[in-house]
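Q: Hi! Could you walk me through this model?

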Amino acid sequence: VIVILEELEVPYEIKSIRFEDIKKPPFIDVNPNGRAPAIMDPNTDLTLWESGAIILYLIEQYDTQKKLSFGSLHEKNLLNQWLMFQMSGQGPYFGQCGWFNVLHLEKLPSAIDRYSNEVKRVLGVLEKSLHNKQWLVGNKCTYAGLSFVTWNDRMDMVLGVPNSKPFKEFPNAEAWHNRMISRGSFRKAMEIREKLMDEQGLMPNGMPKGVNNMAEYEDKMKQEEEG
């Protein structure tokens, strides 16, 4: 969402919420599902959660020059198609892959294999669709493509492979990804992410510094609450 805001040059203010507070008031008063992100737009008095819904709203409301979108029937619907694929395919499968590879206390080979293969399947869809193309839709970077960029950039963490190898079998997807992460909007979003995580004492994988898995994190939060 921050990448889209940066691309469209929409002013915004970030309210950082600690993980242990995300399922408590006042955040669940904004998003009863207790998940980030959520936005409150004072220009329209709209509160909105779910990243896909937020992206579509920002595009409709603020991309008046069609910088990241198209107005034509075909391209407009193709963009929505790819955004839906990101929300139903990439996001859930990459998230589960990261959970079982990194955060889950017990290593479950069947779960790790299932979700690692799903990550590769999603990348295979992108790889094939980007054959002889620079962008997913049309001749420019769009909100649909940018919706994939943050999860793809965490592939080293999700798959547990070195930074140089996540896209080993997917050169078209890798070239496309590199075009997006070279944009100023993405670099700015990552700078903000790094700063906020450091302020909260978190490592790149979202765990507190010195904590190795979710069970340890839950114990730490319980001890802090009791203290």
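A: Happy to. Let's start with Glu127, which is placed in helix α5; helices here are DSSP runs (H or I, at least four residues), numbered from the N terminus. This is a predicted model, where local features need pLDDT of at least 70, side-chain atom pairs count only at pLDDT 80 or more, and totals for chains, interfaces and linings use all residues. Residues are numbered from 1 along each chain as its sequence is written, and side-chain values use heavy atoms, with hydrogens and water left out.

Q: What is Glu127 in contact with, then?
A: Leaving aside neighbours within four places in sequence, Glu127 is in contact with Phe170, Pro171, Asn172 and Ala173. Contact means heavy atoms within 4.5 Å.

Q: Back to charges: how many salt bridges does the structure hold?
A: Eight. In one of them, Glu7 pairs with Lys67, with the closest N and O atoms 3.5 Å apart. Glu7 lies in helix α1 and Lys67 in the loop between α3 and α4, so this pair ties together parts 60 residues apart in sequence.

Q: Is Glu7 buried or exposed?
A: Glu7 counts as buried, at 5% relative accessibility, while Lys67 is partly exposed at 38%. Glu7 also forms a salt bridge with Arg183, where the closest N and O atoms are 2.7 Å apart. That pair links distant parts of the chain, since Arg183 sits in the loop between α8 and α9, 176 residues from Glu7.

Q: And what about Glu199?
A: Glu199 forms a salt bridge with Lys195, the closest N and O atoms being 2.6 Å apart. Both lie in helix α9, four residues apart, about one turn of the helix. Glu199 is exposed at 52%, and Lys195 is exposed at 51%. As for networks, salt bridges that share partners join Glu7, Lys67 and Arg183 into one.

Q: New topic: which residues touch the most other members of the largest nonpolar core?
A: Ile4 and Tyr143, in a core of 49 residues. A nonpolar core is a set of buried Ala, Val, Leu, Ile, Met, Phe, Trp, Tyr and Cys residues joined through side-chain atoms within 4.5 Å. A second, separate core has seven residues, including Met197 and Leu202.

Q: How many residues of α6 are buried?
A: Eight of the 10, so α6 is largely enclosed by the rest of the structure. Among the buried ones are Tyr143, Gly145 and Phe148.

Q: Where does α4 bend?
A: At Gln86, by about 35°; the bend is the angle between axes fitted to the seven residues ending there and the seven starting there.

Q: What span should α4 have?
A: Its 31 residues (73–103) should span 45 Å, and the end C-alpha atoms are 42 Å apart, which agrees. The expected span is 1.5 Å times one less than the number of residues.

Notes:
Helices (H or I, at least four residues) and strands (E, at least two) are DSSP runs, numbered from the N terminus. Buried means under 20% relative accessible area, exposed over 50%, partly exposed in between (1.4 Å probe, protein chains only). A salt bridge is a side-chain nitrogen of Lys or Arg within 4 Å of a carboxyl oxygen of Asp or Glu.
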